[in-house]
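Hello,

Here is the structure I promised to pass on. My notes follow below it.

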Amino acid sequence: MTTGDAESDGETTVRRGRPRSAKTTSAVLESAYALMATTGLAATSIDAIARRSNVSKMTIYKWWPSREALLIDAFLNQAAQLLPLTGTGAPAARLRRHAAAYTEGLLGEFGKVQLAVISECISKTGSAEIFYERYLNFRRDALVALIAAAQEDGSIRTTGAPADLYDAIFGCLFYRYVFGIKPLTPAFARNLVDTILTQGALDERPSPKAPKRPR
C-alpha cells in the first residue's frame, strides 16, 4: 500500500491485478494499529491481524510486501485521520495547529506506536528508510510546500530553506519526545512554530551600532 492508498476516498485500489476492497483494507489497517496500541509490536503478528480483521493471511500477504510495510501503513492510516494535511487559514496558523496536534498525539498512544514502528524498521533493515518512504516523505513534502508557498506570498517572512524550517519544528518536537525533554505540550509546539517562523525577520534587523569610543 502506498501513501495515496491510505488517504484515498475511492472505493477500491488496484494492486497485482485484483481490486482491493476499501472496507477490507480499512479493517486490516485499523486492526493492525489497534493491536500495536494495545498489545505492543511483538504481539502484532500477521496471524493476529488476520484474526482481528477477519481477513485471510493470504490476502494480507498479497497486499503488503512485508510486515513492516503493513505496520507503517497502519500508522499512516491513523496519522491521516489524526493529523490531516488539508485545512484552511493562514499558513502559519495551519502549521501551529498541525504542530500542536502532532505534539498531543506524541503524548498519547500515537507517539508510542510511532516510536515502536521506527524501531522495528531499524531492527529489521538497519535503517528507517522504509518508514521515510512510506510515511514521512509524503507528509514532510506537503508541509515543506506549505512553508515555501507562504514565503512566496510574504505571509511567512523567514528566509531559511523550507525543508530546514520544517525539520527545525518537527525534529525538535520528536527529539524532545524521545528523550523526555520538558516542556512538551501543544502550547510549546505553537510557540516553537512562531519562534522559528519569525526568526528570519529578526535576523534581518540591522545590527545595533557599536558605541563610539571616547577620543
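Start with Leu-173. Setting aside neighbours within four places in sequence, Leu-173 is in contact (heavy atoms within 4.5 Å) with Ala-99, Tyr-102, Thr-103, Leu-106, Leu-184, Phe-188, Ala-189 and Leu-192.

Before you go further: this is a predicted model, where local features need pLDDT of at least 70, side-chain atom pairs count only at pLDDT 80 or more, and totals for chains, interfaces and linings use all residues. Residues are numbered from 1 along each chain as its sequence is written, and side-chain values use heavy atoms, with hydrogens and water left out.

Next, the core. Leu-173 and Ile-60 have the most contacts inside the largest nonpolar core, which has 56 residues. A nonpolar core here is a set of buried Ala, Val, Leu, Ile, Met, Phe, Trp, Tyr and Cys residues joined through side-chain atoms within 4.5 Å. Buried means under 20% relative accessible area, exposed over 50%, partly exposed in between (1.4 Å probe, protein chains only). Helix 5 (residues 67-82) gives this core its largest share, eight residues. Helices are DSSP runs of H or I, at least four residues, numbered from the N terminus.

Two helix pairs are worth a look.

Helix 6 (residues 91-106) and helix 8 (residues 129-153) have axes that come within 9 Å and cross at roughly 150°. Axes are lines fitted to C-alpha atoms over the stretch in contact, and angles run from 0 to 180 degrees between N-to-C directions. The two are therefore roughly antiparallel (over 145 degrees; under 35 is roughly parallel, 65 to 115 roughly perpendicular, the rest oblique). Pro-91, Arg-94, Leu-95 and His-98 of helix 6 meet Arg-139, Leu-143, Leu-146, Ile-147 and Ala-150 of helix 8. By class, that contact has six nonpolar, one polar and two charged residues. Ala, Val, Leu, Ile, Met, Phe, Trp, Tyr, Cys and Pro count as nonpolar, Asp, Glu, Lys and Arg as charged, the others, Gly among them, as polar.

Helix 2 (residues 22-39) and helix 3 (residues 46-53) also have axes within 9 Å, crossing at roughly 120°. That makes helix 2 oblique to helix 3. Ala-27, Val-28, Ser-31, Ala-32, Ala-34 and Leu-35 of helix 2 touch Ala-48, Ile-49, Arg-52 and Ser-53 of helix 3. Seven of these contact residues are nonpolar, two polar and one charged.

Last, Lys-112. It lies in helix 7 (residues 109-125). Lys-112 is exposed, at 62% relative accessible area. Lys-112 and Gly-40 are 72 residues apart in sequence, yet 9.3 Å apart in space, C-alpha to C-alpha.

Best wishes
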